[in-house]
Amino acid sequence: MTVEQTRGEPVSAKAVKPYKGLAMEGMIAKWYAKIRTQDEEMARSLQQVRDMLPAGGSVLEIAPGPGYLAIEIAKLSGYRVVGLDISRTFVEIAHAKAREAGVTVDFQLGNASAMPFEDNTFDFTVCRAAFKNFTEPVQAIREMYRVLKPGGKALIADLRRDASRAEVDAHVDTMGLGRVNEWLTKWTFRTTLLKNAYTAEEMRRMVAQTEFGTCDIDLDTIGMEIWLTK
Ligand SMILES: C[S@@+](CC[C@H](N)C(=O)[O-])C[C@H]1O[C@@H](n2cnc3c(N)ncnc32)[C@H](O)[C@@H]1O
């Protein structure tokens with residue numbers, strides 16, 4: 001296991017960590033594609049893309065799962081949109097959903113810590129609700145830096161480990177799920193997602209080990225947005 005030093009502080013052993021969640025293939029991926037709602041977070045991400053991206057800009061969604069955000073970005077005309085996910089099932093689902101929506105998104109199979117892209121390719125990379133699952137989180141941030149154009153921005157949006165159980169439950173209650181899916185989703189947050197998630201301080205320490213060096217972090221009730229500029 002690689003444990004790295006950053007500005008003299010020890011960094012948690014999460015510089016490389018085992019994938020603790022369920023592998024998101026087959027039935028699990030199909031279940032997730034059904035329950036993943038088009039929420040306020042999605043609307044905010046879309047607005048952020050509109051606000052920051054030049055016309056004709058290129059966007060990479062890292063770990064898009066069923067691809068909902070990438071597809072919505074592709075509907076805003078003028079952007080080149082690529083998605084990269086490690087799950088074969090999700091890549092298939094995302095292709096099918098893009099076809100249904102009548103948009104072009106280049107969904108590819110691959111690992112966030114070894115991206116199959118040239119240096120300086122994208123204006124913006126976005127990674128939502130996935131970073132905490134990565135087995136090599138620091139390497140994934142380094143890859144974001146490598147594939148961004150100079151001046152490009154990366155956004156990582158994810159759960160905070162210090163979110164309270166009451167806040168997480170209240171958030172799930174807003175998702176409009178049926179009783180069984182609501183219970184399953186709360187159980188998954190409790191048993192897996194919160195345990196894998198990071199605090200803002202841990203994110204800062206990981207970013208400090210990469211060429212980005214620093215980041216801006218906005219906190220909300222259960223999550224955080226980490227903004228990085230190349
Ligand atoms: C909870 S889903 C989130 C999907 C989507 N971003 C969303 O907001 O709904 C987590 C995603 O991370 C992907 N993933 C996990 N580890 C990965 C890695 N090392 N590289 C690329 N994708 C990865 C999974 O296959 C899955 O699609």
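Predicted model: local features only at pLDDT ≥ 70, side-chain atom pairs only at ≥ 80, totals over all residues.
1. The ligand is surrounded by 18 residues, and the closest of them are Ala63, Gly65, Ser87, Ala112 and Ala130. Sorted by class, this shell holds ten nonpolar, five polar and three charged residues.

2. On the overall fold, the protein contains eight helices and nine strands. It has 230 residues, of which 37% count as buried. When contacts between residues at least 6 apart in sequence are considered, 71% of them join residues at least 24 apart.

3. Two packed helices are described by the angle between their axes and the distance between the axes. The points on these pairs follow that scheme and then turn to the residues in contact.

4. The pair formed by helix 1 (residues 26-35) and helix 4 (residues 88-101) has axes that come within 9 Å and cross at roughly 40 degrees. Helix 1 and helix 4 are therefore oblique to each other, and their crossing is right-handed. On the side of helix 1, the contact is made by Gly26, Ala29 and Ala33, while helix 4 contributes Thr89, Phe90 and Ile93. The class count for this contact is four nonpolar, two polar and no charged residues.

5. Helix 2 (residues 40-52) packs with helix 3 (residues 68-75) at an angle of about 40 degrees, and their axes are 10 Å apart. Helix 2 is thus placed oblique to helix 3. The crossing in which helix 2 passes helix 3 is right-handed. From helix 2, the residues Met42, Ser45, Leu46 and Val49 meet Tyr68, Leu69, Glu72 and Ile73 of helix 3. By class, six nonpolar residues take part in the contact of helix 2 with helix 3, together with one polar and one charged residue.

6. For helix 6 (residues 165-173) and helix 7 (residues 179-196), the axes come within 10 Å and cross at roughly 145 degrees. The crossing of helix 6 and helix 7 is right-handed. Helix 6 brings Arg165, Val168, Asp169 and Val172 to the contact, where they meet Glu182, Thr185, Lys186, Phe189, Arg190 and Leu194 of helix 7.

7. Helix 5 (residues 137-147) is to be considered for its burial. Eight of its eleven residues are buried, so helix 5 is largely enclosed by the rest of the structure. The buried residues of helix 5 are Pro137, Val138, Gln139, Ala140, Ile141, Glu143, Met144 and Val147. Their packing partners are strand 3 (58-62), strand 6 (122-128), strand 7 (148-159), helix 8 (200-208) and strand 9 (223-229).

8. A last point concerns Arg128, a residue found in strand 6. Is Arg128 buried or exposed? Arg128 counts as buried because it has 21 C-beta neighbours inside 10 Å, and the cut-off for a buried residue is 20 or more. Leaving aside residues up to four places away in sequence, Arg128 touches Glu41, Ser45, Leu69 and Ala157. Two of these names have come up already: Ser45 of helix 2 and Leu69 of helix 3 are also part of the contact between those helices. Gly65 is itself among the closest residues to the ligand.

Key: Residues numbered from 1 in each chain as written. Near = placed C-beta within 6 Å. Nonpolar A, V, L, I, M, F, W, Y, C, P; charged D, E, K, R; others polar. Helix = DSSP H or I, 4+ residues; strand = E, 2+ residues; numbered from the N terminus. Buried ≥ 20, exposed ≤ 12 C-beta atoms within 10 Å, placed from the backbone. Contact = placed C-beta atoms within 7 Å. Axes fitted to C-alpha atoms, helices over the stretch in contact; angles between N-to-C directions. Parallel < 35°, antiparallel > 145°, perpendicular 65-115°, else oblique. Left-handed = near helix turned anticlockwise from the far one by under 90°.
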